[in-house]
Amino acid sequence: MSESCSGNCASCGSDCGERKAESLLAQLNPKSQVKKVIAVVSGKGGVGKSTVTAQLAVAMARKGHRVGILDADITGPSIPKAFGVHERAVGSEQGILPAITGTGIAVMSLNLLTEN
């Protein structure tokens with residue numbers, strides 16, 4: 001790496017020897033069976049991310065797919081409320097286990113981990 005290297009290869013025109021292609025994919029838990037991930041994101045609040053997420057999950061579950069939702073929204077419990085989930089998440093030696101809705105959709109939300 002040269003003295004002037006910022007570490008940002010995307011904006012660099014130099015052809016240095018340290019440049020390597022990196023994967024941003026995280027290693028799955030060995031017991032995971034995740035096959036596809038659909039991310040619903042926006043930098044703005046109130047645009048319907050939770051509604052779209054819930055509708056996608058229900059549609060996929062109705063088609064016979066095993067579905068789970070990871071709700072990382074720290075501002076509110078909209079996904080647990082949408083599915084009527086009131087119990088807290090539980091842990092075991094394998095990790096934190098999601099709550100299961102009445103329709104079989106696994107839900108993990110920050111709201112299920114906190115008291116308030």
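These legends accompany close-up views of a predicted model. Local features need pLDDT of at least 70, side-chain atom pairs count only at pLDDT 80 or more, and totals for chains, interfaces and linings use all residues. Residues are numbered from 1 along each chain as its sequence is written, and side-chain values use heavy atoms, with hydrogens and water left out.

**View 1. Overall fold of the protein.** The protein has 2 helices and 5 strands (DSSP runs numbered from the N terminus: helices H or I, at least four residues; strands E, at least two). Along the sequence they follow the pattern α-β-α-β-β-β-β. Of the 116 residues, 17% count as buried (under 20% relative accessible area; exposed is over 50%, partly exposed in between; 1.4 Å probe, protein chains only).

**View 2. The largest pocket.** Its volume is about 2,000 Å³. A pocket is an open set of points on a 1 Å grid over the protein atoms alone, where a 1.4 Å probe fits, with protein on both sides within 12 Å along at least five of seven lines. Lining residues have an atom within 4 Å of a point. The volume is the space filled by probe spheres set on the points.

**View 3. Lining of the largest pocket.** The lining holds 43 residues; Val34, Val67, Gly68, Ile69 and Leu70 lie nearest the centre. Helix H1 (49–62) gives the largest share, 7 residues. H1, E1, strand E3 (95–97) and strand E5 (106–109) each supply at least two. By type, 22 are nonpolar, 14 polar and 7 charged.

**View 4. Ile74 in its loop.** Ile74 sits between strand E1 (68–71) and helix H2 (78–83). Ile74 counts as exposed because its relative accessibility is 72%.

How values were computed: Nonpolar A, V, L, I, M, F, W, Y, C, P; charged D, E, K, R; others polar.
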